[in-house]
Amino acid sequence: MLKYLIKDKDTTFFAHVTGDSLNNIGVFNEDLLIIQKGLFPRENDIVVVFYQGEFYVKRYIPKYKENSLSIEQIRLKSEKPAYNDMYINEDSDFQLWGVATFNIHKLRK
């Protein structure tokens, strides 16, 4: 089972979710994410980022420059209307930490 969940033990880490901005897609407060560093995020992936001194888990939505594969802007989307999306450009204090590959949700309290 672990081979299915963890593709590369050297680049995989675990993190607990704090907050409710992704509740609408089934990622809840205190869920455990399996996150892989080094993966290039695809559009709509759930990513972990370090932005302006804080960690966030958001949906990754890139905007490409016209007729190019260069990213012009990244939208970090919340899945709850009460939260604003974040917009990342080349001047932003931003670091991608990894792509969430699995979400473990505790069923028994």
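**Close-up views of a predicted model**

**View A. Asp20 sits in the loop between β1 and β2.** This is a predicted model, in which local features need pLDDT of at least 70 and side-chain atom pairs count only at pLDDT 80 or more, whereas totals for chains, interfaces and linings use all residues. Residues are numbered from 1 along each chain as its sequence is written, and side-chain values use heavy atoms, with hydrogens and water left out. Strands (E, at least two residues) and helices (H or I, at least four) are DSSP runs, numbered from the N terminus. Asp20 is partly exposed, at 25% relative accessibility. Here buried means under 20% relative accessible area, exposed over 50%, and partly exposed in between (1.4 Å probe, protein chains only). Setting aside residues up to four places away in sequence, Asp20 touches Lys80 and Tyr83; contact means heavy atoms within 4.5 Å. The side chains of Asp20 and Tyr83 are joined by a polar contact of 2.3 Å. A polar contact is a pair of N or O atoms within 3.5 Å; within protein, one must be able to donate a hydrogen and the other to accept it, and residues adjacent in sequence count only if both atoms are side-chain atoms. Glu79 is 59 residues from Asp20 in sequence, yet their C-alpha atoms are 8.9 Å apart.

**View B. Lys58 lies over the face of Tyr83.** The distance to the ring centre is 5.7 Å. A charge sits over a ring if NZ of Lys or CZ of Arg is within 6 Å of the ring centre and within 35 degrees of the ring normal. Tyr83 is also the residue whose side chain meets that of Asp20 in a polar contact.

**View C. Strand β2 pairs with β1 and with β7.** β2 spans residues 32–36, and four of its five residues are buried. Two strands pair if DSSP finds at least two bridges between them. Five bridges link β2 to β1 (residues 12–16), and the two run antiparallel. Ile35 has Ala100 in β7 as its bridge partner. In a regular strand the side chains alternate between the two faces of the sheet.

**View D. Phe50, Phe55 and Trp97 form one aromatic cluster.** Three aromatic pairs turn up in a search of the whole structure. Phe55 and Trp97 have ring centres 4.9 Å apart and planes at 75°, so this pair is edge-to-face. Phe55 lies in β4 (residues 54–64) and Trp97 in β7, so the pair ties together parts 42 residues apart in sequence. Rings of Phe, Tyr and Trp (its six-membered ring) pair if their centres lie within 6.5 Å; planes under 30 degrees apart count as stacked, over 60 as edge-to-face and the rest as tilted. Both residues are partly exposed: Phe55 has a relative accessible area of 47%, and Trp97 has 27% relative accessibility. Lys37 lies over the face of Trp97, 4.2 Å from the ring centre.

**View E. Arg59 of strand β4 is buried.** Its relative accessible area is 16%. The Arg59 side chain reaches the backbone oxygen of Asn44 at 2.6 Å. Beyond neighbours within four places in sequence, Arg59 contacts Ile25, Asn44, Asp45, Ile46, Arg75, Leu76, Lys77 and Glu79.

**View F. His105 follows β7 and meets Asp31.** The two side chains make a polar contact at 2.6 Å. Apart from residues up to four places away in sequence, His105 touches Phe28 and Asp31. His105 is partly exposed, at 36% relative accessibility. Leu33 is 72 residues from His105 along the chain, with 8.7 Å between their C-alpha atoms.

**View G. Gln52 and Asn67 have positive phi without being glycine.** Gln52 has a phi of about 50°. This residue lies in the loop between β3 (46–51) and β4 and is exposed, at 56% relative accessibility. Asn67 has a phi near 55°. Asn67 lies in the loop between β4 and β5 (71–77). Asn67 is exposed too, with a relative accessible area of 79%.
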